[in-house]
Amino acid sequence: MKLIIDIRLINASGIGTYLKNVIPGILQAFDEVSVLGNIQEIQLFDWSKSVEIIEFNTKIYSIKEQIQYPFIIPKCDILWCPFFNVPLFSVRANKIVTTIHDVYHLTDGASISFLKKKYAKLLFNNAVKKSSLILTISEFSKKEILKFTKADSQNIALVYCGVKRSFFENPKSGNNLKLPENYILYVGNIKPHKNLIVLLQAYATFSEEFKAKHPLVFIGKRDGFITQDNTIQNFIDLNHLQKHITFTGYVNDSEIPEIYKKATLFVFPSLYEGFGLPILEAFATRTKVISSNAASLPEVGGNAAVYFDPKDYIQLGKIIKRNIEDSSNNEYLFAQGELQLEKFTWEKSIEKHLIAFKKLE
């Protein structure tokens with residue numbers, strides 16, 4: 001069987017991590033595999049020698065990609081779209097498989113324009129209609145797909161994400177980042193639904209002495225941190241938080257494990273997540289996790305995280321302070337984290353992918 005995979009987002013956060021970890025296992029199950037993306041980027045992966053690389057650098061979710069798809073995608077048994085931008089026009093694929101990580105774009109809370117939301121709805125409906133199989137990464141996302149689209153639950157396969165424990169359990173020391181000591185950590189994209197304003201509001205309730213001892217560190221691209229109305233930046237300025245916040249911007253993957261390891265605790269205040277990989281990454285470094293109780297996060301965190309209402313900054317502030325000053329529950333949480341890490345592995349994810357693909361033969 002011949003498989004085509006669109007991997008243009010392989011170096012993105014979230015989806016990129018997913019692709020990097022499942023693709024090597026998927027390749028072994030197919031006679032012939034071609035991938036769409038940037039040749040120079042793809043050639044850096046060891047497995048690239050076993051695939052045909054088709055140069056395709058057109059912007060994701062653009063009109064241009066839709067126009068080019070019929071000419072770019074060769075004849076194949078299966079076209080796998082790891083995101084919801086399934087070709088609108090006919091392509092030479094016998095069957096299409098789509099991974100839908102979440103349907104945030106369709107929700108009321110989506111901070112996108114009216115036109116972008118309409119286009120997203122068109123793409124989601126098209127993906128559901130044309131896909132012989134939909135893969136998704138949590139029970140929460142499966143329910144959301146069924147809620148917002150006309151998908152058939154029988155055509156949806158659950159393929160949880162995982163974490164590469166060896167990468168996180170033995171972090172390399174001596175990264176180039178100069179970070180403060182005893183910091184409170186956030187890792188992830190800086191977008192409105194990540195709900196960083198609530199974390200900042202909670203942080204502002206602390207005394208100057210506490211903030212001096214426990215600065216905030218944000219790891220992730222700063223794009224979107226300063227919103228159009230400057231709400232977040234204004235809040236930082238008005239509450240004089242600048243001196244207590246380190247904003248690293250993008251960091252290399254190799255530096256992430258040590259950053260988690262050195263944190264006093266990790267806070268994930270998101271309002272909407274299809275999975276929530278950073279929670280597992282924190283578990284793998286035995287870093288205490290304070291998580292929002294929204295969306296898929298309790299599904300991923302299980303009993304290993306301390307949860308809060310993502311709209312209640314007062315509650316979050318109290319939980320952060322209590323869990324920094326009292327470590328009596330740490331060993332229990334770390335033990336529960338081990339159970340979550342055993343449940344969510346990339347090996348199990350690959351196995352689920354292959355079982356789902358096999359049903360299409």
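What is the volume of the largest cavity? The notes below take up that point first, then two residues.

1. This is a predicted model. The structure contains 1 cavity of 30 Å³ or more. The volume of the largest cavity is about 40 Å³.

2. The largest cavity is lined by Phe283, Thr287, Lys288, Val289, Ala304, Leu333, Phe334 and Gly337. By class, the lining comprises 5 nonpolar, 2 polar and 1 charged residues. Helix α14, covering residues 330-343, gives the most to this lining, with 3 residues.

3. Thr98 belongs to strand β5, which covers residues 93-99. Thr98 counts as buried because its relative accessibility is 0%, and the cut-off for buried is under 20%. With neighbours within four places in sequence set aside, the contacts of Thr98 are Cys81, Phe83, Phe84, Val86, Ala127, Ser131, Leu133, Ile134 and Leu135.

4. Val51 sits in the loop between α2 (39-42) and β3 (52-55). Apart from neighbours within four places in sequence, Val51 is in contact with Leu27, Val33 and Val35.

5. A separation to check in the viewer concerns Val51 and Ile67. The two residues are 16 residues apart in sequence, and their C-alpha atoms are 25 Å apart in space.

Key. Residues numbered from 1 in each chain as written. Predicted model: local features only at pLDDT ≥ 70, side-chain atom pairs only at ≥ 80, totals over all residues. Heavy atoms only, no water. Helix = DSSP H or I, 4+ residues; strand = E, 2+ residues; numbered from the N terminus. Buried < 20%, exposed > 50% of the residue type's maximum accessible area, 1.4 Å probe, protein only. Contact = heavy atoms within 4.5 Å. 1 Å grid on protein atoms, 1.4 Å probe; cavity = no way out; pocket = protein on both sides within 12 Å on 5 of 7 lines; lining within 4 Å. Points joined across faces, edges and corners; volume = space filled by probe spheres on them. Nonpolar A, V, L, I, M, F, W, Y, C, P; charged D, E, K, R; others polar.
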